[in-house]
Amino acid sequence: MKDVRIDKWLWAVRVFKTRSMATEACKLGRVTIAGMNVKPSHIIKVGDKISVRKPPITFTFEVLALLDNRVGAKLVPNYLKNVTTPDQYELLEMARIGGFVKRQKGLGRPTKKDGRELKEFTEEAFFGFDDWDDENPLWTEDDEKKLGSRHHTEG
């Protein structure tokens with residue numbers, strides 16, 4: 001295999017889920033070789049070090065072999081070597097932890113626990129109000145007469 005486009009290779013080794021996502025990343029300047037942004041049509045060769053910025057971190061891969069068809073996940077190590085620095089993975093871990101710690105109470109979608117507590121609270125608050133007692137109603141005819149006479153005299 002002589003010539004392989006970078007977008008096709010990135011898709012084939014499962015760095016991106018689709019080839020169009022790989023193409024878009026190249027167009028947005030998120031894929032670099034030796035610090036230079038590359039177009040999706042850039043031809044790669046064995047030994048190239050490719051940096052792919054997927055916020056919040058930048059992954060770095062070394063090309064071990066060329067291919068243009070997608071391979072199974074177990075075969076990926078035959079075609080690339082992940083040389084991403086440990087500090088990048090620390091950034092990823094901090095972002096993962098920070099996403100949960102920094103969320104202020106009450107912002108965003110309620111968690112399952114919040115939903116359960118809300119349901120429990122509302123069931124307790126309305127306990128007894130949905131059961132109407134026909135023999136001892138809360139609203140009597142006298143109340144209706146008082147309300148009716150008040151509305152007619154005000155108008």
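1. F59 is buried in this predicted model: its relative accessible area is 18%, and the cut-off for buried is under 20%. F61 is buried as well, at 8%.

2. Those two Phe rings pair up. F59 and F61 are stacked, with 6.2 Å from centre to centre and 10° between the planes.

3. F59 has another ring partner, Y89. Here the centres are 6.3 Å apart and the planes sit at 70°, so this pair counts as edge-to-face. Since F59 belongs to strand β6 (residues 57-63) and Y89 to helix α3 (residues 86-101), the contact ties together parts that are 30 residues apart in sequence. Y89 itself is partly exposed, with a relative accessible area of 34%.

4. Taken together, F59, F61 and Y89 make one aromatic cluster. The count of aromatic pairs comes to two.

5. Now the sheet. β6 is one of five strands in an open sheet, ordered β3-β2-β5-β6-β7 with antiparallel pairing. At the edges are β3 (36-37) and β7 (80-82), each of which pairs on one side only.

6. Further along that order, β2 (residues 31-33) and β5 (residues 49-54) run antiparallel and are joined by three bridges. If you want a spot to look at, V31 stands opposite V52 in β5.

Technical notes:
Residues are numbered from 1 along each chain as its sequence is written. This is a predicted model: local features need pLDDT of at least 70, side-chain atom pairs count only at pLDDT 80 or more; totals for chains, interfaces and linings use all residues. Side-chain values use heavy atoms; hydrogens and water are left out. Two strands pair if DSSP finds at least two bridges between them. Helices (H or I, at least four residues) and strands (E, at least two) are DSSP runs, numbered from the N terminus. Rings of Phe, Tyr and Trp (its six-membered ring) pair if their centres lie within 6.5 Å; planes under 30 degrees apart count as stacked, over 60 as edge-to-face and the rest as tilted. Buried means under 20% relative accessible area, exposed over 50%, partly exposed in between (1.4 Å probe, protein chains only).
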